[in-house]
Each structure stands twice: as C-alpha cells, then as structure tokens.
Amino acid sequence: MLWPFNHFRKPQVPPRGTIETIYGMIVTQAREPLFYRDLGVPDTVNGRFDLLLMHLWLVLRRFKSVEAGSDLSQALFDHFCTDMDDNLREMGVGDLTVPKRMQAFGEAFYGRTAAYDLALTDSDEALAQSFCKNILNGANIDKAHELAAYARHAVTALARADAAALKQGAWSFPALQTAGAPA
C-alpha cells in the first residue's frame, strides 16, 4: 500500500561521492591547459570561474533530461556553491563580504546559463558571441568559435551518454580539439 503522504518526503539525495566525482570532472576539464593556451581563455580567477560555469552548465543541461536529474542537479549546484564559498574564504575574503560575493556568483551563473541556453538554440554564431562576451572578455571571436564548437561537441557527447552512467559520474568530457591540433 502506498503511503498517502509520500510526496512530502525529502527528495533522495545522490551519494556525496558521486557528486564529488562529477564536480571533480567539471573542475578538471575547466582546468585543461589547452583552453588557456590555445583558446585564449584568460588564465585568471575570473577566466577559470567562467570556464567552470560553462562546464557546469553543460552538465546541468544534460541532467534535465535524466530521470531524477533535478535532485542530481540540485546536489551538484549545492556542491558548486559550497566550493565557491570555501574558495572565497581560502582567498581571505572576510565573513561579511562572502555573502555578497556568493550573490554575485549566483547572478553570474544564472545570467550566463540563460544566455548560453538561448544562444545554443539560436545558432553557432550566437553561441560564439555569448562565449566571446562572457568568457573571452569580448575579444578574439575566432577563438570563441572554437570554444562554441567544443561546447556543441560536449553537448552531443553528453547526450549520447547513458543515463545510468551520467548519474554515477561514469562518463567523460570530449577531448578538446583546437584548430591546429590533429583530430
């Protein structure tokens, strides 16, 4: 017999190890030196943050189509927020300033993901323009086109990944191919 109040239960939270694995994959990919060396992403705190957001967006976007993906997405986003909070404190940001910075991170996340979602449904040029503005500081549209091609390739690779593998963190991002690199 089904208990009539099952819908009041707390959602099942994915195992912490799984979330850490997935987040670790995102961070590792965002730190790939080719992004900074070959695609012109500024190797700064802001540049790394923007690339982290792009990869987080790619993964969260894919989780939307997975059963129980909203719980996984929320746990992953919560882990991201905890990591950002921890990083701010490690950088010496004071307790009174951390909430303001976290609010700015949240606004950046929601603004960029909305722009990327819209651009992804529009055109390759729109996605490149969005990346140029948000990741490459408005410079080097040619590199933004390469970054957009990588993101589209990542969307395709994530779409092909099995739902069970996604939920367990048993997948990988595609290798970054730059214009001068062999395929």
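1. Helices (H or I, at least four residues) and strands (E, at least two) are DSSP runs, numbered from the N terminus. On that basis the protein has 8 helices and 0 strands, and along the sequence its pattern reads α-α-α-α-α-α-α-α.

2. This is a predicted model, in which local features need pLDDT of at least 70 and side-chain atom pairs count only at pLDDT 80 or more, while totals for chains, interfaces and linings use all residues. Residues are numbered from 1 along each chain as its sequence is written, and side-chain values use heavy atoms, with hydrogens and water left out.

3. Of the 183 residues in the protein, 43% are buried, meaning under 20% relative accessible area (1.4 Å probe, protein chains only). Among the contacts (heavy atoms within 4.5 Å) with a separation of 6 or more, 62% are between residues 24 or more positions apart.

4. How do helix α6 and helix α7 cross? The axes of α6 (residues 124–134) and α7 (residues 141–160), which are lines fitted to C-alpha atoms over the stretch in contact, with angles running from 0 to 180 degrees between N-to-C directions, come within 8 Å and cross at roughly 115°. The two helices α6 and α7 are therefore roughly perpendicular to each other, a term that covers 65 to 115 degrees.

5. Where α6 and α7 meet, the residues include L127, A128 and F131 in α6, and I141, A144 and L147 in α7. The residues of this contact divide into 9 nonpolar, 2 polar and 3 charged, where Ala, Val, Leu, Ile, Met, Phe, Trp, Tyr, Cys and Pro count as nonpolar, Asp, Glu, Lys and Arg as charged, and the others, Gly among them, as polar.

How values were computed. Buried < 20%, exposed > 50% of the residue type's maximum accessible area, 1.4 Å probe, protein only. Parallel < 35°, antiparallel > 145°, perpendicular 65-115°, else oblique.
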